[in-house]
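Please look at the structure shown below, together with its sequence. The report that follows takes up a few loop residues and then some pairs of packed helices.

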Amino acid sequence: MSKSEQDDGGVRRRTLLKAGGVAAAAGLTGVGVSGISGEAEAQEDNGDGREVVHGNCWICRETCGQEITIEDGKAIDLTGVDGHPKASIGEGTEGTLCSKGMAQLNKTYNPNRIRRPHIKKDGELTAVDWDEAFEYTSNRLEEFAEEHGPEKLLRYKGYPLGKHSWEAEFIHNLFGSAISAGRKTTCHGPFSTSWEWMAGYGREWPDWQNSEYIIAWGRNVMECFRGQAEPKGVLKAKEENDATLVCIDPRYTKTAEVADKWIPIEPRTDGALALAMANVIIEENLYDRDFVSEWTHGFKEYKEAVADKTPEWAAEITDVDADVIREIALGFAKAAPSSVVFPWTGLAYQANGFKNCQNLHALNGLVGSVDTKGGTRQWRKPFSLDHPRAKADAELPSNHSDASTPDYDDYPFQQHGIRDLTHNMVPKATERGDIQGVMMNWSQPPKSGNTRKWWEAMEEMDLVITVDAFWTGVSKRADVVFPGASQLEQTFFKKGGDSAYSTSGWVTGSKPAIQPLGDCKRDYQLYKELSQAMGWGEYFPWEDAQEYFDSKLDGIGLSFDELDEKSYEVIDGLPYRQYEDGGFKTVNGLFNFDLDVKDKYKSLADDLGISTAPSWVPPDDEHFGETTNDEYPLLFTDTMVEQFSRGHCQALSQSLEAYAERFGHEDEDYRGNYLHINPRDAEEHGIEDGDWVAVKSADDEIELMANVWEGVRPGWVCTENGFGEGSSHPDDSGGHSMKFNKEWHMEPTTGMTARNHPVDVERLGGEPQ
C-alpha cells in the first residue's frame, strides 16, 4: 500500500486529485501542485449499511459544508456540500474541501489524540475521569478567585469549534475574567483595524466571482483561506469575466501559479507600491470623482501625499519596474468599480503593516470599489435570529470587572488607548502579577509570538486550563487538559454573509456526525458540566447545543433538523452600496482616507512622527521593524500553506505527506518544515537542496531542512509556521519559527506580532539528525 493510501488510525487515507490546467511558471522547480478541489478517490464499497450526513469544517474558521459517509458509526469519507456558501461557488456548483479539511478524518482518528481528561497530580499530568476533572478544576478556580481575584485569569481567545463561544460565556461572564488576548494581535490586526477605521468593520470580503481585476496582495487566495468559495470565486472570475489576477507576494504561491502576473515585491515595501499606484490613477484622472466627493474624508491630504510618489520613485524601493506599476494601476482603475485589491497576513505580519494596509485600502476608496459588485463587500445582517437566553430566562450575568489592564509605558498603542493587552505582552503582565492564570479553547499561544517568554509565563502561572486534541507546548504545561471533540463530533452552527452568494446572508449547521471518541466531550457539554460543578448550571438549561440553536433559528422559521438536512440556508437581503442608506460605520459616516478623525490614532501618529493620511513608512529599526545588515543579511518570516493550520495539522501524517510531496521531499524521512531559500542565496551560503541548516537571528536560532527554490525572491527566506519545539508534531520535527519573536517585536498601532527578522543561514550538513 502506498503512503498516500495507508491506514491511519483505522481510516483509509485518500489521495487528493491534482489540479488540471494550472501551469507553473517557467524555471520553477520542486512544487507539487495539489488541487483546490480536495476530492477523494471513490470508495470501493458503496453498498448498504452506509449513510451520508452533514458536517462543517472549522480548521480555518470558515465552515465549509461537509458530506460525511458513515459506516457502522465511523466516518470513512469526506467531500464538500454542493451549493454550500463556503464549500462551493453558488447553487448548482460542486462542493469541495481543501487538504486541511480532508485531513479531519485523520485528526479525529489520530492515534496520538488526547482522549481522556488530565489534571496535575504531584507535578505530573495524570489521566482521570470527568467527575474528578471537573471537581479538581472547579476547586482550583474557586481557590484562584479567592487568592488572586477572577480578573487575573486571562481568557486567551481560541477557536470555538461549535461556533458559539461557550468558553467566553464561562470564563468572562460567569467566572469574571476581565482581560483577554488573541487573534487580532497575532493574525490580522493591522489589516482589519485600518479597514475598520477607514470603511467600517462589517465583515468585509472581496466579491471575487464578480470582479474583473483582482489584486491578491499578500493574500494567498488559492490556498483555501476563508473557505473554498474564495479560490473558486477567483477562478470563476477569470473564466467567465476574463478577469485579470495579479499576485503581489515575495513567494510563488498557488495564487501566483494561476495569476496573470506575479510580482515578487521587496518585502515590507507594499505601502510604497500602493502610493505609486494612487499617483498614476489620480494623474490619469481615473478615480471615482462622485464617490470621492460625496462619501470620503481626507482626499485632499491623500492627493498631496501621493503627488511625488511616482512609479519611478516606488521602483527604487520595491524592486518592481515602473512600467509594471503603471500597468497594474491603470488596469485596476479602468475595471472599477468591479475591481478589488485586498491584503491579509502578508502585510499584517509587518511592523510597518498598519500604514501599508491603510495605503492599500485607500486604493479601493479611490476608485469607488467599496461595497460594489466585483469590489469589496460589507457584511450587514439581512436577517435576525432569536435570543435563546432571553426565551429561557437564562441571561448571563456580567461578573467581570470593568477595570482595564494597568498601564505599560513601553507600548505606543497602549499609551494612546488604542488597544489594551496584546499577545506579546502577556508574559510581562504575568511577571508583574497582572495575570496569574490562563484558560483557553483550542489554541497554542507560544506558536504566535514571544515564544520563550510565553513558556516561562505558563510555568509561573498558578493555573493553566486548556481544551485540546494533542500534546503541545501548551497542553504539556497545563494543570488541566480537557480532551475536546473534533469537528466531526461537534454540533455546529454559524451565520454569515461573506460567501459565494454576493447579495445574500446564510446560515449553516450540522449535527454531530459521530460520537466523540474515548472520553472527549463536545464544547457545549464540557462548559455546561463545568458550570454545573461551579454552581452555575442554571445558565446552561438546554440539553445540548442543538436545542440551543433550534431556539435561535426560530427567528427565521427554520428548525435545526431542517438546517442539518440541507446543510445551509441562503437568505436574501444584502444589497450593494449599503452605505447609501445611513453611511459607513465609521466615526463620521464616511470612507476615511485620512485617519485624523480617530483622535487616539492622531495622538499616536504625532508621537511616532508619521502622518494620519496614507504615507510611506519604511522599516526603521525603532518602531517599524528591524532592517538587515552585514551580520544578518537575509530577511526571514513565517508563512502558511494549504496543508497546515497554525498547529494541529502538524500532528497529521496525511498533511505531512502532502506537504513533503508538494516540495519534492517525499523520499526523505524528515517530516518537519523547510527553510525556503533562493538558489542565489543558497549558493552564497554553500547550501544544497535537502541540507540541514541553522537559521540565526540576534535573538535565537532554529534548525530545519533547506528547500532550495526559485519560488522565493533573493534576500528573503521563509518557513511554514507551527513546527518544532512545543508543536503538536509527534516528535517536534522542524524549526519553531516564532522563537525569533520577542516581546518588542510588535506593530506600534495595533500591537500585532511582527514576524519579519534579519537572519543569517549556516549549512550544518546533509541528512537531518
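This is a predicted model: local features need pLDDT of at least 70, side-chain atom pairs count only at pLDDT 80 or more; totals for chains, interfaces and linings use all residues.

Residues are numbered from 1 along each chain as its sequence is written, and side-chain values use heavy atoms, with hydrogens and water left out.

H188 lies in the loop between β9 (180-181) and α5 (189-199); helices (H or I, at least four residues) and strands (E, at least two) are DSSP runs, numbered from the N terminus. With a relative accessible area of 11%, H188 is buried, a word that means under 20%, against over 50% for exposed and partly exposed in between (1.4 Å probe, protein chains only). Leaving aside neighbours within four places in sequence, H188 is in contact (heavy atoms within 4.5 Å) with R183, Y201, W344, A348 and M752. T185 is also placed in the loop between β9 and α5, and T185 is buried, with a relative accessible area of 3%.

## α14 and its two partners

Two packed helices are described by the angle between their axes and the distance between the axes. Axes here are lines fitted to C-alpha atoms, for helices over the stretch in contact, and angles run from 0 to 180 degrees between N-to-C directions. The axes of α5 and α14 come within 8 Å and cross at roughly 50°, and they are therefore oblique to each other; angles under 35 degrees count as roughly parallel, over 145 as roughly antiparallel, 65 to 115 as roughly perpendicular and the rest as oblique.

For α8 (residues 270-283) and α14 (residues 353-366), the axes come within 7 Å and cross at roughly 25°, so the two helices are roughly parallel. Their crossing is left-handed. On the α8 side the contact involves D270, G271, A274, L275, M277, A278, I281 and I282, which meet N356, N359, L360, L363 and L366 in α14. These residues divide into nine nonpolar, three polar and one charged, with Ala, Val, Leu, Ile, Met, Phe, Trp, Tyr, Cys and Pro counted as nonpolar, Asp, Glu, Lys and Arg as charged, and the others, Gly among them, as polar.

## α3 against α19

Helix α3 (residues 130-147) packs with helix α19 (residues 523-533) at an angle of about 60°, their axes being 9 Å apart. That makes α3 oblique to α19. W130, F134, T137 and S138 of α3 make the contact with L526, E529, L530 and A533 of α19.

## D621 in its loop

D621 is found in the loop between α22 (599-608) and β24 (634-639). Not counting residues up to four places away in sequence, D621 touches E626 and T627, and a polar contact of 2.6 Å joins the side chains of D621 and T627.

Conventions
A crossing is left-handed if the near helix is turned anticlockwise from the far one by less than a right angle, and right-handed if clockwise. A polar contact is a pair of N or O atoms within 3.5 Å; within protein, one must be able to donate a hydrogen and the other to accept it, and residues adjacent in sequence count only if both atoms are side-chain atoms.
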